[in-house]
Amino acid sequence: NYVYVNNINGTLNTNQALKGLTSGSIRVATSSTNPTLHPFSGKVLYISDKLPVSRDADQTDRIKFILSF
């Protein structure tokens, strides 16, 4: 099992217990890896300022994203 955490203040050490705030579940961190992505380091390539769209409660929409690296 994997646990993904973000916005950590401090250092996560291996063999350190992690406790769920609301569940009380405890697990031990056996390894830690630094992320390869840096939050908020990218550029906004396209912004479209459009008016709100009215939708029905039972309506579904299809959204496509194009990612390139």
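Residues are numbered from 1 along each chain as its sequence is written. Because the model is predicted, local features need pLDDT of at least 70 and side-chain atom pairs count only at pLDDT 80 or more, totals for chains, interfaces and linings use all residues, and side-chain values use heavy atoms, with hydrogens and water left out.

The bridge joins the side chains of Arg55 and Asp61, with an N to O distance of 2.5 Å. Side chains of opposite charge can pair when their charged atoms come close. Both partners are partly exposed, Asp61 at a relative accessible area of 46% and Arg55 at 49%; buried denotes under 20%, exposed over 50%, and partly exposed the range in between (1.4 Å probe, protein chains only).

A pocket is an open set of points, on a 1 Å grid over the protein atoms alone, where a 1.4 Å probe fits, with protein on both sides within 12 Å along at least five of seven lines; lining residues have an atom within 4 Å of a point. Its lining comprises 24 residues, of which Val3, Tyr4, Val5, Leu12 and Thr33 are the closest to the centre. By class, the lining of the largest pocket contains 13 nonpolar residues, ten polar and one charged. Strand β2 (residues 26-29) contributes the most to this lining, with three residues; strands are DSSP runs (E) of at least two residues, numbered from the N terminus.

Although Asn15 is not a glycine, its phi is positive, at about 60 degrees. Most residues other than glycine have a negative phi. Asn15 is exposed, with a relative accessible area of 65%.

Ser25 occupies the loop between β1 and β2 and is partly exposed at 34%. Between Ser25 and Phe69 the separation is 44 residues in sequence and 38 Å in space, C-alpha to C-alpha.

Terms used. Salt bridge = Lys/Arg side-chain N within 4 Å of Asp/Glu carboxyl O. Helix = DSSP H or I, 4+ residues; strand = E, 2+ residues; numbered from the N terminus. Nonpolar A, V, L, I, M, F, W, Y, C, P; charged D, E, K, R; others polar.
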